[in-house]
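Here are my notes on the model you sent. Please read them with the coordinates open.

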Amino acid sequence: MPNSVNPQKPVKLQINTGGAWRDVIRFNAADDHVCGEVLEAGATIGRIGEAQLRVFAVALGDVLMTWSPKTKEWKESQ
């Protein structure tokens, strides 16, 4: 149960290698340590596999961040 001591921001890392978006992992974006590790691992997978990635907010149904093999960096969605 979310609270001020242990906030929850459920998101999922998704990958697209040439067609549809697929879930990779669900995680709590409110946990800075976990979030940093997932973004770092995602960037490595995207770079090696030349894939697009995104962080999708489960509750909002909205894309929060994207990663592209062209830019090789995470960008916040507008």
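1. Terms first. Two strands count as paired if DSSP finds at least two bridges between them. Helices (H or I, at least four residues) and strands (E, at least two) are DSSP runs, numbered from the N terminus. On that basis, strand 1 (residues 10-16) and strand 2 run antiparallel and are joined by six bridges. One of the partnered residues is Pro10, whose bridge partner in strand 2 is Asn28.

2. Provenance. The model is predicted: local features need pLDDT of at least 70, side-chain atom pairs count only at pLDDT 80 or more, and totals for chains, interfaces and linings use all residues. Residues are numbered from 1 along each chain as its sequence is written, and side-chain values use heavy atoms, with hydrogens and water left out.

3. Overall make-up. The chain has one helix and five strands. Read from the N terminus, the order of elements is β-β-α-β-β-β. The radius of gyration (over C-alpha atoms) is 13 Å, close to the 12 Å from the globule rule (2.2 Å times the number of residues to the power 0.38) for 78 residues, so the chain is as compact as a globular protein of that length. Along the principal axes, the C-alpha atoms fill a box of roughly 40 × 25 × 20 Å.

4. Five strands form an open sheet, with antiparallel pairing and the order 2-1-3-4-5. Which strands stand at the edges? They are strand 2 (22-28) and strand 5 (74-76); each has a single partner strand, so one side of each is left without a neighbour in the sheet. From one strand to the next, the twist averages 25° (axes are lines fitted to C-alpha atoms; angles run from 0 to 180 degrees between N-to-C directions).

5. Connections within the sheet. Strand 1 and strand 2 form a hairpin with five residues between them. Gly18, in the turn, has a positive phi of about 130°. Strand 3 (residues 52-57) and strand 4 (residues 62-67) run antiparallel and are joined by five bridges. Ala57 stands opposite Asp62 of strand 4.

6. Salt bridges. The cut-off is a side-chain nitrogen of Lys or Arg within 4 Å of a carboxyl oxygen of Asp or Glu. A search of the whole structure finds two. In one, the side chains of Lys12 and Asp23 meet at 3.4 Å, N to O. This pair links distant parts of the chain, with Lys12 in strand 1 and Asp23 in strand 2, 11 residues apart. The other joins Lys75 and Glu73, with the closest N and O atoms 3.9 Å apart.

7. Buried means under 20% relative accessible area, exposed over 50%, and partly exposed in between (1.4 Å probe, protein chains only). Is Lys12 buried or exposed? Lys12 is buried, at 13%. Asp23 is partly exposed, at 45%. Lys75 is partly exposed, at 39%, and Glu73 is partly exposed, at 39%.

8. Surface and contacts. Buried residues make up 31% of the 78 residues. The accessible surface of the chain is about 5,400 Å², and 52% of it belongs to carbon and sulfur atoms (Shrake-Rupley method, 1.4 Å probe; for residues, only the protein chains shown count as cover). Of the contacts (heavy atoms within 4.5 Å) with a separation of 6 or more, 34% are between residues 24 or more positions apart.

9. Towards the ends. Gln8 lies in the segment before strand 1. Gln8 is partly exposed, at 42% relative accessibility.
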